[in-house]
Amino acid sequence: MRLKVSPRLISAIVVGLVILFLVNKNWGGASISAKTISSFLVVGIALGGIYAITAGGLVVTYATTGIFNFAHAAIGCFLAFCYWQLTVKQGLPTVVALIITLFVIAPAIGFLLDKVIMRRLRDAALVVQLMVTVGLMLTFMGITLTIWSPKTGRSLPQFFQNTQGVQFGDVTATWHRIITVVVALLVALGLRFLLYKTRLGISMRAVVDSRSLAGLTGAKPSIISGSSWALGCMTAGLAGILIAPETGLVVENLALIIVVASAAAAIAQLKSIPMAFIGGLVIGLAKSFSAVYLEWGKDWAYADEAIPAAILFIALLFLPMARLETGKIRITKRTERLTKPWEAALGAGVMIAIVGAWANGWIPWISGTTFGERSTVWLGRGAGFLVLGLVMLSLIPLIGWAGQVSFANYAIAGIGAVLFSHFGGQNGDALGIVWVMLICAPLGLAIALPALRLKGLYLALATMAFAEVADKVLIRHPSMLDPSATGVLFKPVNFFGITISSSASDRKAFLMFLVIAFALLFFMLEMLRRTRWARRWIAMSDSPAASATIGVNLTTTKMMVFMLSGAMAGFAGCMIGLQRGALSVDSFPLFAGLPLVLLIAVQGVRYPVAAFMGFIGLASFPALFEVLGKPSWLTAIELIGPGIAAIAMAYRPEGAVFYSGRDLAGLLPWRKDAREEKALAVAKEREQNIGKDEIGDMGLTRPFSADKVAQLDRVLDITDLVDEHKMAPTGGAS
Amino acid sequence: MSSILSTQDVVVRFGVLQAVSQASIEVIEGRVTGLIGPNGAGKTTLFNVITGLQEPTAGKVFFDGKDITNKTPFKRARLGIARTFQKLEVFGSLSARENILVAAEQRKTWDRSGFDPAKVCDEILAKVGLSHVSEFMVGTLPTGTARLVELARALASNPRVLLLDEPSSGLNEEETEEMAALLKTFVEEGLAVLLVEHDMSFVMGTCEYIHVLDFGVIIAEGTPAEVQADSHVQAAYLGTKTEEQAS
């Protein structure tokens, strides 16, 4: 044990010193008096209560369904808008509106989500689980924006708004805030009681580990998982209604609480509700401390926003290392074969040909300009989507092969773009691209470092937090991006006689340069897939435990792929910079990066060609707008569509490219192998489904006794034992 | 005949449950050692301790005379410990050949004998009889075949000790016999094999020495004949089984 404690102690001391240094350096000069202390505590605890409710809901959903719901805060946001509609708009009494929102709409959403989507995700890969909930997040945000247009300002009144509140020293705590804290505490206690002391709660936790095990409790698995989601939605709604008066009824603000809440959930190791409550309080107090006592200065004006992310990173340092789990492998039903070099080369050629023919006007195009020269506007748009395609391409080895779900690549590209404006882009020096890639490779690694030894989910949380920090803090620092520099930051770059820049006259050359670069990277990835590197990444993703037992060093293997992906994102960033010409501080928000991850996942994140299909998909929306004359329903589809597509992944987990590819290959007379493998896969799927139903039918009616519950409970806290002990030893061999 | 792998008083505790209590076993080169016991006796947990996937609460693991208790799984693999899993842990999205190739290529990082991974891979495929399915994705193969892929993958890292966790489950009678014959050829080549198995006739037919684990405790050990005669074993485990076999 001694060996395990000391690195933690060292990290604790280092973290403590860094915090002390930051506090000391940015001390605002406020005196530590009863007045400031009470204001720090009152604000901090109220803020913490809000985070605690959201985090508690997240943890409950994760503990009872095994799925981390990125849509949690977005569902809360939607419900807060519903509540606004009922009270402010329709004029219903508060209590009635609360009951309708929390006890009718919220559970209905929960049961619906479970029935239509979540049940299919139980055995899905982590990538699919995460992408579907991120898709849901965007869908709920899109629906809310569609129903309640953000152009109209709305506000939700606080509870007991017109009363005095309570005086703590010189500070008044409004009743709304007091209610928030009390509700947070009650929710934490109530959820803890529900999960550990009631039959339903115990079944809920049991169902995560084993559906058949849960059958022992006599409850129907479908009702149990539905209840879990209903409960999750209710806590989300409660949090949304309590938060909205504080942050304003603004979709982005409300949905972004997820970043804060996941930091609190990480402190709770995603399983302890009391710790989630404490985690929420810690973050609330830290933010309030910063607001009362610290002065961050002009350069770090938004450092406040980075506090939850910083706490998340600190929490990750202290989490125990993940065990290499066995017995959780998901057998894929996929069939594929390696792309041959000539096929990859042909694919790359086709990509260049398609974009080249379009740019030169050999493909009929919309609104009058059937053939002939493309307008510079459209050439610019095409390049704009192709640079995003490059970002998607950088995700393929990382997410698709190594199974490391990262939301940070768009942020890395953003940092790459900004860096390029310092390292060569300002002089039109092409060598700067190399420097930027060399910086972005270790950057990609550094983001992943704290999460490398942990479960994959923590990596997703860490990268999401980083994307938020990069947007709110790093890129906004004046020495990164000077807010006064509004003009073109990048001089034209000359590549072997091709001049690329954002200016109108260079656009066709730039587009051609981009598509050639894209095609080369595509070819490189296809060739990489045939090497031992990609094989090792895929093996690691399929079974970390088995990889380790054949001698794979998982840490260094992961590091390699993060560096590769970081460098590719850096290159994409340079191209984004050149394509846009000018950059503004809010060019790279988290919510602009998420759809790219979704899009590539929907297309099929294992296949490099999916990035090209993603580019076509991105380009199709503005084209449709032009053809259809900007109808409003298309706006709604654009808002909600990506999310819906991601939800479809629950049904089509391998991505569109795979299914269409398999079926198309099966049509070719000489691809007998494709037909054979498809038949095998279908047969296997059928066989597995039969097995599942049998398990579902078994055990549902078994008796439920106190000692069984006790046994279940023991087993649940020690999930590693489930395999060995779910059948109590009876003395006979099976 | 020397001891290559041994555990010394290994204890694994999960909360209040003691999964393994002071288990000491020994694996000797050139023979098949059996580890048997009822469900939940702690056999797989002990396997995990040996391969480094589970940290023991107390006790030590020795390989080739050296204490490897604190080594990471991949370092143990590099020393020459390979295993298969009770529940399949194949690389489902790689082809059968690639599954084995990954392990053979990985061996390159510590084995400087200048072998050709691709050649090794083809030899092993032929040896275990998988050549006809080498290009299929393992995720689409039947369980019995996938089990052989796991075995082949373990062999590809050229181990000195092979740990097999229920290799016959999911195999039909004929395949089980083939598996037994394969194991014989392995030990003839000097490999040490540690076998966890439920199929008693398979265990009694292949193992030269057997450890019996019950509720985490080694209750008996010896040759198959000795173990079968042991009264503790009959009471805890084999009693019902031998009657079944007799009837």
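Biologist: What is the handedness of the crossing of α2(A) and α9(A)?
Modeller: In this predicted model, the crossing of α2(A) and α9(A) is left-handed.

Biologist: And at what angle do the two helices pack, and how far apart are their axes?
Modeller: Helix α2, residues 34-65 of chain A, packs against helix α9, residues 221-247 of chain A, at an angle of about 170°, and their axes are 9 Å apart. Since angles over 145 degrees count as roughly antiparallel, α2(A) and α9(A) are therefore roughly antiparallel to each other.

Biologist: Which residues make the contact?
Modeller: From α2(A) the contributors include Ile50(A), Ile53(A), Gly56(A), Gly57(A), Val60(A) and Thr64(A), while α9(A) brings, among others, Ser225(A), Trp229(A), Gly232(A), Ala236(A), Leu242(A) and Glu246(A).

Biologist: How many of them are nonpolar, polar or charged?
Modeller: The residues of the contact between α2(A) and α9(A) divide into ten nonpolar, ten polar and one charged.

Biologist: Switching to chain B, is strand β9 mostly covered or open?
Modeller: Strand β9(B), which spans residues 192-196, is mostly covered, with five of its five residues buried.

Biologist: Which way do the residues of β9(B) point?
Modeller: Ala192(B), Leu194(B) and Val196(B) point one way from the strand, whereas Val193(B) and Leu195(B) point the other way, and all are buried. In a regular strand the side chains alternate between the two faces of the sheet.

Biologist: OK, and which strands pair with β9(B)?
Modeller: Strand β4(B), residues 32-36, pairs with β9(B) in the parallel sense over four bridges, and Gly34(B) stands opposite Leu195(B) there. Strand β8(B), residues 161-165, also runs parallel to β9(B) and is joined to it by five bridges, with Val193(B) as the bridge partner of Leu162(B).

Biologist: What about Phe215(B), its phi and its place?
Modeller: Phi of Phe215(B) is near 50°, a positive value in a residue other than glycine, and Phe215(B) lies in the loop between β10 (209-214) and β11 (217-222) of chain B. Phe215(B) is partly exposed, with 17 other C-beta atoms within 10 Å.

Key. Residues numbered from 1 in each chain as written. Chains lettered and ligands numbered in written order. Predicted model: local features only at pLDDT ≥ 70, side-chain atom pairs only at ≥ 80, totals over all residues. Axes fitted to C-alpha atoms, helices over the stretch in contact; angles between N-to-C directions. Parallel < 35°, antiparallel > 145°, perpendicular 65-115°, else oblique. Left-handed = near helix turned anticlockwise from the far one by under 90°. Contact = placed C-beta atoms within 7 Å. Nonpolar A, V, L, I, M, F, W, Y, C, P; charged D, E, K, R; others polar. Buried ≥ 20, exposed ≤ 12 C-beta atoms within 10 Å, placed from the backbone. Pairing = 2+ DSSP bridges.
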